[in-house]
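Visitor: Please show me the structure, and then I will ask about its parts in turn.

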Amino acid sequence: MKGSTLAMNKNKFVYAAFLAIAFAATLSACRDKRSTGMEYARNMYDALALNPDQPVSTTNEYLKSFNGHAAQVPPAHTKPVGFTEYDEYPNTKEGYDAAGVSMVNPLPVDTVNLAEGKHLFTVFCNPCHGEKGDGQGHLVKIEKFSGVPSYFAGASSRGGNMADLTAGKIYHTITYGVNNMGSHASQISPTDRWKVVMYVQQLQKGQ
Amino acid sequence: MRDISMILKSVWKSLFVFSAISVLAVSTVNAQDAKEGRTLFKAKCSSCHALDAKLIGPALTGVSDRHSEEWLLKWIPNSQALIASGDAAAVKVFNENNKVAMTSFPELDEAKVKSILAYIKEGEPKPAAGTGAVAVKDETTSGLSIAGIVAIVAVAIVILVVLGRASKLLERLILQKQGIEIEEDVPLKVGIRKMFKNKKFVMFFILCLIICLGSFGWMGMWNTGVHTGYQPVQPIKFSHELHAGINQIDCQYCHNGAFKSKNATIPSLNVCMNCHKAVQARDKYDGEISPEIKKIYNALGYDPETQKYDDSKAKPMEWVRVHNLPDFAYFNHSQHVVVAEDAIRKAKGLQPTEPVCFACHGPVNTMEEIYQYSPLTMKWCINCHKETDISGQKNNAFYAKVIEAHEKIKKGEKITPALLGGLECGKCHY
C-alpha cells in the first residue's frame, strides 16, 4: 500500500514536471518573428511617458486634445529653447530675394565649420546634388531623381546664375525647398544650415 | 515565265531592302533626337515636369498637340517674354499653373528644343522584356524548409514502422510454416504498464525528460524578454534594402536625431515627401502611383493631382516599434554614434564605408524588412563596455574634461561636484 502510493506520487510528480517544462519549452521554441516572444513584466517596456511615434490613448481625459497621437505642435505663443524664427523671410519670391540681399552667414569660415558643413552636405545633399555639387548624385545617376542643377554651371530657376547665388538665397532654399526639393528645415538646425551654406559656397567655385 | 518571276522577285527584294534601310535610317535619326532629348529633359525639365503626371508644371505628354511647334519654340527658351508680349495662349498657361513662372532656358537652341519635343512625343523607351520584371523574394523560404524537414522525418518514421511490421509478419509466417507455436501479442496498454513497472526504465525515462525539457526550459527562460529577430509588420512596406542599400541614402538623412539626441527618431512624413513628392514609382505600377507611396499621401492628406495638403484628412502613421528598451534602462544614441564612434568602429571592426549604426543594428542595408539584430540585453551592453578600447580618443571633449579635472586634483585645486557636471538636471531627475 505504502509502495503504491509512493509510486503514484512519483508518477504525479513526473507528470507535473513534464507538463511544466513542456509548457515553457513550447512557449520558447515557438518563436514567431512577428512577435516579441515570451515577456516578463511587459508594462516595463511601455513607458508611462508618451513615445513620440506611438498612438496615445483616446479615452484618457487629460490626453483627449492629443487626438490619438503624441506628435504635437508647441502650444500657441511658445517656442522651444534655442529655436530660431525665420518669419521675416517668407516662402515667396520676395522673401527669397530679401533673404538673398540681407542675410549673411553668421559663422566664420574656418576648417572646423567647413568640415562639419562637408559632413552635413554628404548626408543631406550628396544623394541628389553629388559630391562636387554638379547635380550628379547617386540618385540622379541611377535615374531615381532628375533635374538637379549644378552649383557652378547653368541658370537658377529663380533667375541669375547658380554660381552667383548668395548665402541668404541658399539658406532660404534649404529652409523652404524649391521645385522638387523639399524643405530640410526639420532635419538641419539653423546653425547647421549655415555650415552647409558655407560648404556649398565653396563648391560654387567649381573646383 | 520563270525569268519574269525571278526579275520581279529581285526587284521586290531590292525595293524591300531599300525601304527597310530608309525606315531604319529615319528611325535611328529620330531615336538619336529622342535620346538627346531625354538627356536634356532629365537635366532641364524634370525638376518641374513629368511626362504623365502634373508636378510643379503640367504633364507634357501630348504637348505638341496642344500647342504649335512654333509657339513652343518661343515659350520654352523664354516663357516670361512671351507672357509679357501678351500672347493669349501664354497668359492662359501661366494662369492655369498657379502663376508659377517657368525658368528661362536661353541655352536651349531650336535643335535642342526640337529634340526634347521628339522625346516627349516618343515617350520613355520601353525596357526590354524581362529586365523590367521585379524579382519577387520568396518570403516563405524558412517556413517551407522547416515544413520540409518535418515532412521528411515523418515519412521516414512511417517507412520504418511499415517495414518493421512487414518483417514481423514475414517472421511469423515462417515460424507458422515450421509449425512452431507463437505467443499471442501482449496488448499495447498492458505492455506500457509493464514497462513502467521496470524501475530502471522509469529512471532512464525521467533522466531523459529532465535533460531534454530542462534544457528547453532553460533556453526559454534565458530568452524571455529578449526580442532578437523581432520583425513586426509595418503599416508601410518600407524597405531599408532599397533606401539605405540601393539608393545609398545615409542613415542620418532620416534618423537625424541619432546624432543629436538620446532618441534616434522615426522620421516624420515630411522627410518622406522630400523625395516622394516626385518619386512615385509609376514605371513599376503601369503608370499608377505605387500603393505604398500612396499611403504616405493618404496619411498626410496630400493630393498628388493638385499638390495641396488637406490637414483635416491627415492621419498619423502608426509605425510598430521594433527596438524597445525597458523604461528603467537609459540609452543615449548621440553618446555612442558621435562621442564613441571611433572606439565602436574599432571594437566591432566596421569598414570605413559602413555607418557606425551597423555595429548594433546589423547590416540594415540588406534588410528588406527591418528586424532587431542585437539582443539589447544587459549582458550584451556590459560585454561591449568591458571590451571596447577607448584610449587614444582624439578631439574628444568628454575625455578632455576628465583629464582636466584629474590635473586639477593632482595640483590640489578645489574640485566641486558642480564642476564635474553635478548640476545637470539629468544627474538626479529622470
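Guide: Before the questions, one term: two residues are in contact if their C-beta atoms, placed from the backbone, lie within 7 Å. What follows describes a predicted model.

Visitor: How many residues of chain A are in contact with chain B, and with how many residues of chain B?
Guide: The count rests on the 7 Å limit between C-beta atoms. By that limit, the two sides are 44 residues of chain A and 54 residues of chain B.

Visitor: Which helix of chain A gives the most to the side that touches chain B?
Guide: Helix 1 (2–29), helix 3 (111–124) and helix 5 (138–141) of chain A each supply at least two residues of that side. The top contribution is 9 residues, and it comes from helix 1 of chain A.

Visitor: By class, what does the side of chain A that touches chain B have?
Guide: Tyr, Cys and Pro are counted as nonpolar here, and Gly as polar. With that division, the side of chain A that touches chain B has 5 charged, 16 polar and 23 nonpolar residues.

Visitor: What is the secondary structure of chain A?
Guide: Chain A has 0 strands. Read along the sequence, its pattern is α-α-α-α-α-α-α. The secondary structure therefore comes to 7 helices, as DSSP runs of at least four residues.

Visitor: What percentage of the residues in chain A is buried?
Guide: A residue is buried if 20 or more other C-beta atoms lie within 10 Å of its own. Of the 207 residues in chain A, the buried ones make up 28%.

Visitor: Where in chain B is confidence lowest?
Guide: Chain B has a mean pLDDT of 79, and 85% of its residues reach 70 or more. Over residues 129–141 of chain B the pLDDT is below 50, and beyond near neighbours in sequence this stretch has 3 contacts in the model. Compared by element, helix 16 (residues 358–361) of chain B is highest at 92, while the lowest mean, 62, belongs to helix 1 (residues 2–45) of chain B.

Visitor: Why are helix 12 and helix 13 of chain B called oblique to each other?
Guide: Helix 12 (residues 269–276) and helix 13 (residues 291–300) of chain B have axes 11 Å apart and pack at about 130°. Roughly perpendicular ends at 115 degrees and roughly antiparallel starts over 145. The two helices of chain B are therefore oblique.

Visitor: Which residues of helix 13 of chain B meet helix 12 of chain B?
Guide: Helix 12 of chain B passes helix 13 of chain B in a left-handed crossing. The residues of this contact divide into 7 nonpolar, 1 polar and no charged. Leu269(B), Cys272(B), Met273(B) and His276(B) in helix 12 of chain B meet Ile293(B), Ile296(B), Ala299(B) and Leu300(B) in helix 13 of chain B.

Notes:
Residues are numbered from 1 along each chain as its sequence is written. Chains are lettered from A and ligands numbered from 1 in the order in which they are written. This is a predicted model: local features need pLDDT of at least 70, side-chain atom pairs count only at pLDDT 80 or more; totals for chains, interfaces and linings use all residues. pLDDT is the predictor's confidence in each residue, from 0 to 100. Axes are lines fitted to C-alpha atoms, for helices over the stretch in contact, and angles run from 0 to 180 degrees between N-to-C directions. Angles under 35 degrees count as roughly parallel, over 145 as roughly antiparallel, 65 to 115 as roughly perpendicular and the rest as oblique. A crossing is left-handed if the near helix is turned anticlockwise from the far one by less than a right angle, and right-handed if clockwise. A residue is buried if 20 or more other C-beta atoms lie within 10 Å of its own, exposed if 12 or fewer, and partly exposed in between; C-beta atoms are placed from the backbone.
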